Amino acid sequence: MKIFKHLGLVLGLFGLFALQQLGAQTSIGFRFGFSANNVVREPLENNEPTPQIRPVIQLGVPLEIRLNKFFANDILALTNLNLTISAGEFVSLVGTSCCGKSTLLRIIAGLTNHNSGTIQWHDLTAQKNLSFVFQDPALMPWATVRENVRLPLKLARIPKNMADLAINKSLELVGLAKFAKSYPRQLSGGMKMRVSIARTLVTSPTVLLMDEPFGALDDITRTQLNVELLNLWSQQSWTVIFVTHNIYEAVYLSNRVLVMAPRPGRVVADIVIDQPYPRSEEFRNSLVYSQYCQQVAHELSHGIMGQE
């Protein structure tokens, strides 16, 4: 079974290497991007109906997004999306399963096409420096922490001396400098996710897309990594788009929480969390935090009931 597991990981990494050749960047350093004012109109497949609404997505790095997404079985996955995300924002997407959160993230990343609409980047630098952190750390089990973090730099053919400096800095930022020679099997779940984040840091991204990166972790580790993520966000001046099912996590982390409802996937509320950073444990225990969580929960419930 271990052989098949390792073979699957090898094939997965090979696939990500292929993405790199197409110009994409994920959390292990593969690059992708959009042209300024690019309008992607993919031909519909399998006799899909023509969408009636043609929204655009703009991610305000600034990036603007308006789009529709159909799956091959004619299911309308996303509709009426009309978003602007500004540079330096921390925006969370919250919703039930099958509401299109991860699909939207992958469309922004260029890993999935949309059927109509536009994605407009207003900062050419931002569009070329985008990284994706998945829920699974996807570490190479045969490689040390250091070599896992090195992978995107190796694929980009960065000289070893320059790569070593970047790796050292990245590991220091996530608190893993003492574990550089350790192997994934020797790490806890939280430490593995820190390696994944370090692998992202080493590419110096401007935009960070995170698809439930802490979803499989226990609450204590998750809370600790939330704090560490906000510290890194503050230091690195990222624009973060963060997918989660956890209302409390979303409110704690975000400038804005976008509440999504399913069938079809759509944004039903855009809630501004008007509280200063850094956010301490005192904020988690405050009345205002509780009120924001209740507001998100209410909008989420209302959105689900509205589609029944």
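Predicted model: local features only at pLDDT ≥ 70, side-chain atom pairs only at ≥ 80, totals over all residues.
A salt bridge is a side-chain nitrogen of Lys or Arg within 4 Å of a carboxyl oxygen of Asp or Glu.

**View 1. The salt bridge between Glu249 and Arg222.** The closest N and O atoms of Glu249 and Arg222 are 2.9 Å apart, and the two residues form a salt bridge. The pair links distant parts of the chain, with Glu249 in helix α8 (residues 247-253) and Arg222 in helix α7, 27 residues apart. Buried means under 20% relative accessible area; Glu249, at 3% relative accessibility, therefore counts as buried, and Arg222 is buried as well, with a relative accessible area of 12%.

**View 2. Helix α7, residues 219-236.** The end C-alpha atoms of helix α7 are 25 Å apart, which agrees with the 26 Å that its 18 residues should span at 1.5 Å a residue. At the start of α7, the backbone nitrogen of Ile220 has a side-chain oxygen of Asp218 within 3.1 Å, while the residue that follows the helix, Ser237, has a positive phi, near 60°.

**View 3. The salt bridge between Asp164 and Arg150.** Here the side chains of Asp164 and Arg150 meet in a salt bridge, with a distance of 2.7 Å from N to O. Because Asp164 lies in helix α5 (residues 160-173) and Arg150 in helix α4 (residues 145-155), the pair ties together parts that are 14 residues apart in sequence. Both Asp164 and Arg150 are buried, and the two belong to a network of salt bridges that also links Arg146, Glu147 and Lys160.

**View 4. The salt bridge between Asp270 and Arg256.** In this salt bridge the closest N and O atoms of Asp270 and Arg256 are 2.6 Å apart. The pair links distant parts of the chain, since Asp270 is in strand β10 (residues 266-272) and Arg256 is in strand β9 (residues 256-261), 14 residues apart. Arg256 counts as buried at 10% relative accessibility, whereas Asp270, at 41% relative accessibility, counts as partly exposed. Across the whole structure there are nine salt bridges, among them the pair of Asp270 and Arg256 shown in this view.

Key:
Residues numbered from 1 in each chain as written. Heavy atoms only, no water. Helix = DSSP H or I, 4+ residues; strand = E, 2+ residues; numbered from the N terminus. Expected span 1.5 Å × (residues − 1). Polar contact = N/O pair within 3.5 Å; in protein donor to acceptor, adjacent residues only side chain to side chain. Buried < 20%, exposed > 50% of the residue type's maximum accessible area, 1.4 Å probe, protein only.
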